Amino acid sequence: MNKLIERKAYLGQLVMWREEEMIKVVTGVRRCGKSTLFDLYIERLKADGITDEQIVFVNLEDEDYSELLDHKKLHEYVKARILKTKWTYVFIDEIQNCKEYEKTISSLYLRKNVDIYITGSNAYMLSGELATKLTARYIEIDMLPLSFAEYGEAVKTSDKRERFNQYMNMGAFPYAARFVDNSLAHSQYLEGIYNTVLVKDVMTREGLNDITLLKSIAGFLASNVGSPVSAKKIADTLTSAGRPTGSATVDTYLSALADAYLFYKVNRYDIKGKMHLKSESKYYICDTGLRNMILGTTNKDIGHQIENIVYLELLRRGYTVNIGKSGRGTEVDFVAVRDKKTEYYQVSASVLDESTLERELSPFKQIKDNYPKYLITLDDFTGDHDGIQQVNLIAWLNP
């Protein structure tokens with residue numbers, strides 16, 4: 001369990017951008033593996049002959065580097081270690097902890113033979129000064145907890161279906177995989193992540209002050225994963241429960257939760273009209289184990305759980321994902337676009353019941369184009385429904 005899980009897809013992206021004149025920004029929820037990714041990449045660099053003196057590593061969560069939370073001192077520290085005749089690889093973990101860090105990064109970017117890699121746990125860092133000063137000069141790698149294939153490297157469970165149930169119920173934060181046989185330790189670990197994200201990456205970073213309201217909104221999103229949600233609907237629900245709240249306030253908290261990569265907002269797309277819609281969006285959580293911890297449940301609402309898992313996997317595979325409006329009152333779970341190619345996905349726990357199968361296929365039949373259409377279920381049956389491919393989720397996750 002102590003070996004590092006090789007995050008091949010993310011590692012491949014860092015390798016692809018090595019020594020290119022772009023700042024590599026690795027983002028994602030806390031504890032999803034960003035620091036470990038740097039460790040893996042540094043191992044790769046050393047295997048290629050890069051020496052220790054060519055590598056500068058700073059972790060701004062580590063008290064040993066607390067002085068470097070001043071952007072001027074951070075700049076001086078890194079600048080003093082830049083080599084004149086060789087490439088210097090600069091890694092700065094949790095960069096958002098340094099106030100005005102964008103000044104340091106902008107300055108370092110101007111220097112020759114400096115390859116810059118930074119991580120952050122809040123999307124706010126990419127919407128402020130860094131984005132303004134370095135437009136088109138950085139690439140973002142949005143990192144998620146373990147895929148099901150990676151999870152298989154982390155646990156000893158040999159039976160795929162049993163392993164999938166663990167994955168769905170306990171989630172896929174890399175370190176949490178150590179506790180699959182200890183539910184108390186597992187729950188405490190996830191609760192620690194959750195509270196840290198809420199306090200550090202939402203409350204403190206965004207300047208919010210009502211932790212009770214924040215937890216109420218996060219709980220609402222967790223229990224309504226995959227269902228249409230609006231700020232007004234949440235505000236009305238809270239108000240009727242005796243907690244008067246306005247839509248504008250809820251909207252601020254929703255944005256903050258998305259900025260912290262705790263939830264992902266997915267918009268609707270009109271397939272026929274080829275336009276995005278402003279109606280209610282859907283939210284998916286970064287990890288189903290975290291959802292179960294928040295709600296205090298497991299093995300419930302499996303349909304929405306697996307829908308969440310499919311959404312995250314599509315993101316991992318590089319797709320841009322929307323909810324698809326396919327006809328009057330009908331929707332396709334996901335419209336996924338990658339390399340200008342479109343695919344459609346429906347997700348259902350089971351379609352062995354004939355009426356359920358018809359309900360899931362119906363939205364596809366409203367679509368007049370010939371892009372690939374997939375119905376993903378937990379059923380062992382796979383096959384073709386007039387050009388619509390039914391596939392098993394577990395096999396799809398681990399091809």
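**Colleague's note: strands, crossovers, pocket and cysteines**

1. Let's begin with helix α4, where Y101, E102, T104, I105, S106, L108 and Y109 are buried (under 20% relative accessible area with a 1.4 Å probe and protein chains only; exposed is over 50%, partly exposed in between). That makes 7 buried residues out of 9, and α4 is mostly covered. Helices here are DSSP runs of H or I with at least four residues, strands are runs of E with at least two, and both are numbered from the N terminus.

2. A word on the basis of this note. The model is predicted, so to speak: local features need pLDDT of at least 70 and side-chain atom pairs pLDDT 80 or more, whereas totals for chains, interfaces and linings use all residues. Residues are numbered from 1 along each chain as its sequence is written, and side-chain values use heavy atoms, with hydrogens and water left out.

3. Which strand is largely enclosed by the rest of the structure? Strand β3 (residues 88-93) is, because 6 of its 6 residues are buried. T88, V90 and I92 point one way from β3, while Y89, F91 and D93 point the other way; both sets are buried.

4. On one flank, β3 runs parallel to strand β2 (residues 55-59), and 5 bridges join the two. Strands count as paired if DSSP finds at least two bridges between them. V58 has I92 in β3 as its bridge partner. To get from β2 to β3 the chain passes through helix α3 (residues 71-79), in a right-handed β-α-β crossover (clockwise from the first strand over the helix to the second, with the strands pointing away from the viewer).

5. Strand β4 (residues 114-120) also pairs with β3, again in the parallel sense and over 5 bridges. Y89 is found opposite D115 of β4. Helix α4 (residues 101-109) comes back here: together with β3 and β4 it makes a right-handed β-α-β unit.

6. Now the largest pocket, with a volume of about 730 Å³. A pocket is an open set of points on a 1 Å grid over the protein atoms alone, reached by a 1.4 Å probe, with protein on both sides within 12 Å along at least five of seven lines; lining residues have an atom within 4 Å of a point. Its lining has 29 residues, with E140, D142, Y264, L315 and Y319 nearest the centre. Elements giving two or more residues to this lining are α1 (8-16), β5 (138-142), α11 (247-259), β6 (263-270), α13 (302-316) and β8 (320-327). β6 gives the most, with 5 residues.

7. How many disulfides does a search of the whole structure find? The count is 0, where a disulfide is a pair of cysteine sulfur atoms within 2.5 Å. For C32, the closest cysteine sulfur is in C286, at 8.3 Å, which is too far for a bond. C32 counts as buried at 0% relative accessibility, and C98 is buried too, at 1% relative accessible area.

8. Two backbone spots deserve a look. E19 is not a glycine, yet its phi is positive, at about 60 degrees. E19 sits in the loop between α1 and β1 (23-27) and is partly exposed, with 29% relative accessible area. Y261, not a glycine either, has a positive phi of about 60 degrees. Its place is the loop between α11 and β6. Is Y261 buried or exposed? Y261 is buried, at a relative accessible area of 5%.

Notes
Grid points are joined across faces, edges and corners, and a volume is the space filled by probe spheres set on the points.
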